[in-house]
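Visitor: Please take one part of this model and go through it closely. I would like the sheet, with its strands and what surrounds them.

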Amino acid sequence: MTRRWRQHDVDKAIRCQHATDPVLRPGCTVTATVRVGPIPLCSSCHSRRSSVGKGQPSVALPASPTIDLLAWIGTSQRAADQAEQTLLAAVARARQNGTSWTQIGTQLGVSRQAAQQRFTRASVDESTNRATRAH
Ligand SMILES: [Zn+2]
């Protein structure tokens, strides 16, 4: 079982609309088996649907591998890492263009100080990592 194989399964299978809501839908089986209008649902969520897609016929999706939950963790982590890098770049660009920490904090919903501490520390950590890797 290689990492590539797991990645392939996650990319190919369609996730249930409620897959990202484990609190409200603990019985969700994650892999969608039907589509009700534009909404993909697993068999569990499909059987307990109430108002979702009322009046719309459900269409069975082609058989696909069950979503590998560990692989989903991996792809989610990579997406989060990528989003963090994008956020760091956006903040750095804003700072280079004279945006204040107050404005950045407001955009992020945190205080000026919280924004400054987070992103100053992040850039220090990043340059420390670069220096460590260089040696
Ligand atoms: Zn579901």
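Guide: What follows starts with the model as a whole and then turns to the sheet. This is a predicted model, in which local features need pLDDT of at least 70 and side-chain atom pairs count only at pLDDT 80 or more, while totals for chains, interfaces and linings use all residues. Residues are numbered from 1 along each chain as its sequence is written.

The chain holds five helices and three strands. Helices (H or I, at least four residues) and strands (E, at least two) are DSSP runs, numbered from the N terminus. Along the sequence the pattern reads α-β-β-α-β-α-α-α.

Now the sheet. It is open, has three strands in the order S2-S1-S3, and its pairing is antiparallel. Two strands count as paired if DSSP finds at least two bridges between them. Strand S2 (39–41) and strand S3 (58–60) stand at the edges with a single partner strand each, so one side of each has no neighbour in the sheet. Neighbouring strands are turned against each other by 30 degrees on average, direction ignored. Axes here are lines fitted to C-alpha atoms, for helices over the stretch in contact, and angles run from 0 to 180 degrees between N-to-C directions.

Take the pairing of S1 and S3. Strand S1 (residues 34–36) pairs with S3 in the antiparallel sense over three bridges. Arg35 stands opposite Val59 in S3. In general, strands of a sheet pair through backbone hydrogen bonds, either parallel or antiparallel.

Next, the loops beside these strands. Val30 sits in the loop between H1 and S1. Its phi is positive, about 75 degrees, although Val30 is not a glycine. Val30 is buried, with 21 other C-beta atoms within 10 Å. Buried means 20 or more other C-beta atoms within 10 Å of a residue's own, exposed means 12 or fewer, and partly exposed lies in between; C-beta atoms are placed from the backbone. Ile67 belongs to the loop between S3 and helix H3 (69–96). Ile67 is also buried, since 20 other C-beta atoms lie within 10 Å. Ile67 and Thr29 are 38 residues apart in sequence, yet 9.0 Å apart in space, C-alpha to C-alpha. Across the chain, buried residues make up 16% of the 135 residues.

Last, confidence. The mean pLDDT (the predictor's confidence in each residue, from 0 to 100) is 85 for the chain, and 78% of its residues reach 70 or more. Where pLDDT is low, the predicted coordinates should not be read in detail.
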